[in-house]
Amino acid sequence: MPKSRIMLDVLKGEAHFPPPLWMMRQAGRYLPEYRETRRRAGSFLDLCYDPDLAVEVTLQPIERFGFDASILFSDILVVPHALGRDVRFEEGRGPLLTPISAAEIAALQGDVFHVNLEPVYETVRRLRAKLPDETTLIGFCGAPWTVATYMIAGHGTPDQAPARLFAYREPEAFQQLLKVLADHSAAYLIRQIEAGADVVQIFDSWSGVLDDATFDQFCVWPVAEIVRQVRAAHPDVPIIGFPKGAGARYRTYRQKTGVTGLGIDWTVPLAAAKDLQRSGAVQGNLDPLRLVAGGKALSDGVDSILKALGEGPLIFNLGHGITPETPIANVEAMVKQVRSAVR
């Protein structure tokens with residue numbers, strides 16, 4: 001890999017200042033060019049599965065801001081969709097699925113999984129060919145727990161109570177679902193790496209709703225299994241884990257899953273983040289609403305992170321995805337502040 005892909009160096013434990021920079025959901029609705037491409041695509045899933053359009057939107061923030069990393073444009077729910085579940089996205093409501101029952105878990109269609117996802121792999125191949133050589137290409141998947149919550153409830157919920165109740169009432173079926181999702185997610189990431197991804201990230205957006213025992217069973221174990229399988233195929237490819245809301249469990253998560261880099265949300269105190277940084281690279285953790293607000297709120301947030309974490313292996317990012325109402329001028333200001341920072 002070219003040394004110029006500095007994000008890869010940071011994930012090896014090296015400190016770079018200014019740090020490499022990208023944003024979760026950086027290809028999205030805050031960009032007028034994205035909204036235009038999305039309109040042409042028809043449905044959201046059509047956009048995810050059309051390599052021409054998916055490449056176009058993935059490249060939009062790179063062309064506009066010159067981020068150090070580009071993340072594949074797709075969605076975590078393409079995995080259950082590729083397994084034969086119905087998935088649709090409605091404006092104003094988000095993803096909608098038919099809730100899966102315990103009896104239906106064994107009928108998930110793994111035989112057509114990679115066939116259904118071939119357009120995604122083609123997108124990755126085209127991206128690696130089109131991206132600047134110094135830009136790291138990130139593939140990703142959703143963590144089994146987070147994906148399972150949508151499969152069980154059929155939509156997003158405030159605390160994922162339907163999935164938690166299902167897991168308590170149907171423990172064997174739920175563990176079977178997590179195993180199916182872990183195995184297929186690992187295979188999905190392996191194919192993305194083979195298509196050209198330099199790094200892969202596992203998003204666990206709902207890890208923060210779990211208690212101690214279920215955090216270990218539903219969040220840690222499935223991710224550890226994905227890491228094990230991906231490492232067996234590609235031992236040198238870095239893996240970033242992002243267990244949003246993990247709080248005091250971030251350290252345990254890193255130790256038990258074996259992820260290379262640790263994505264941290266904006267609620268993690270910077271002193272705790274610095275402590276986590278002693279074990280390897282951290283990624284984050286600007287509050288996305290500071291980016292919406294701009295001005296002093298933004299500059300103070302950026303400055304605090306750089307001062308606290310800039311001497312260690314840091315990938316500057318938000319503590320969650322950028323929101324649609326974010327002004328483009330604020331993103332430009334953030335990029336300029338990070339790139340022009342001096343010790």
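The protein contains 15 helices and nine strands; helices (H or I, at least four residues) and strands (E, at least two) are DSSP runs, numbered from the N terminus. This is a predicted model, in which local features need pLDDT of at least 70 and side-chain atom pairs count only at pLDDT 80 or more, while totals for chains, interfaces and linings use all residues. Residues are numbered from 1 along each chain as its sequence is written, and side-chain values use heavy atoms, with hydrogens and water left out.

**Overall form**

- With 343 residues, a compact globule would have a radius of gyration near 20 Å, and the 19 Å of the protein agrees with this; the radius is taken over C-alpha atoms, and the globule rule is 2.2 Å times the number of residues to the power 0.38.
- Along the principal axes, the C-alpha atoms fill a box of roughly 60 × 45 × 40 Å.
- Of contacts between residues at least 6 apart in sequence, 74% link residues at least 24 apart, where contact means heavy atoms within 4.5 Å.

**Surface and charge**

- Buried residues make up 57% of the 343 (buried means under 20% relative accessible area, exposed over 50%, partly exposed in between, with a 1.4 Å probe and protein chains only).
- The accessible surface comes to about 13,600 Å², and 52% of it belongs to carbon and sulfur atoms; areas come from the Shrake-Rupley method with a 1.4 Å probe, and for residues only the protein chains shown count as cover.
- There are 36 positive and 40 negative side chains, with the centres of the two sets 4 Å apart. Lys and Arg count as positive and Asp and Glu as negative, without His and the chain ends, and each charge is placed at NZ of Lys, CZ of Arg, CG of Asp or CD of Glu.

**Cysteines**

- The structure holds zero disulfides, a disulfide being a pair of cysteine sulfur atoms within 2.5 Å.
- The closest cysteine sulfur to that of Cys 48 is in Cys 141, 15 Å away and therefore too far for a bond.
- Cys 219 is likewise in no disulfide, and the nearest cysteine sulfur, that of Cys 141, is 12 Å away.
- Cys 48 is buried at 1% relative accessibility, and Cys 219 is buried at 0%.

**Two individual residues**

- Ala 54 lies in helix H4 (residues 51-65) and is buried, with a relative accessible area of 0%.
- Beyond its neighbours within four places in sequence, Ala 54 contacts Leu 47, Cys 48, Phe 73 and Thr 123.
- Ser 340 belongs to the segment after helix H15 (328-339) and is partly exposed at 49% relative accessibility.
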